[in-house]
Amino acid sequence: MAKMKPSDPAYWMLFDEFTSTPNPDVYRDYCYICRDPEYAQMGLPLCYACEACGGHVAVDDSVCDDCGADQQELWYQRKAKEAPGTSDK
Ligand SMILES: [Zn+2]
Ligand SMILES: [Zn+2]
């Protein structure tokens with residue numbers, strides 16, 4: 001049973017919104033990660049839903065297959081909006 005170490009480059013994916021629960025909404029037949037149940041069984045990060053359109057984003061990529069949005073960019077934009085000091089409270 002291999003446990004992911006904090007030094008692993010993909011370790012951060014275990015946190016935040018990344019989970020190993022297969023998401024039927026983002027399943028794609030052509031995607032080898034979606035099609036391989038071992039990814040979920042081993043607790044590896046799976047493909048996730050695009051923040052812009054809810055489409056498929058392969059976990060080894062950051063660009064949505066459906067609309068081409070870069071998830072990293074969207075993530076940074078969201079974090080920038082959530083950052084303290086910029087809220088309009
Ligand atoms: Zn996939
Ligand atoms: Zn998208």
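**View 1. The largest nonpolar core has 7 residues.** Its members are Val26, Cys34, Leu46, Cys47, Cys50, Val57 and Cys64. A nonpolar core is a set of buried Ala, Val, Leu, Ile, Met, Phe, Trp, Tyr and Cys residues joined through C-beta atoms within 7 Å; a residue is buried if 20 or more other C-beta atoms lie within 10 Å of its own, exposed if 12 or fewer, and partly exposed in between, with C-beta atoms placed from the backbone. This is a predicted model, in which local features need pLDDT of at least 70, side-chain atom pairs count only at pLDDT 80 or more, and totals for chains, interfaces and linings use all residues. Residues are numbered from 1 along each chain as its sequence is written, while chains are lettered from A and ligands numbered from 1 in the order in which they are written.

**View 2. Cys47, one of the core residues, is shown with its contacts.** Leaving aside residues up to four places away in sequence, Cys47 touches Val26, Cys31, Ile33, Cys34, His56, Val57, Ala58 and Val59, where contact means that the C-beta atoms of two residues, placed from the backbone, lie within 7 Å.

**View 3. Glu51 lies in the loop between strand 1 (48-49) and strand 2 (56-57).** Strands (E, at least two residues) and helices (H or I, at least four) are DSSP runs, numbered from the N terminus. Glu51 counts as partly exposed because it has 18 C-beta neighbours inside 10 Å. Not counting residues up to four places away in sequence, Glu51 touches Gln71 and Leu74.
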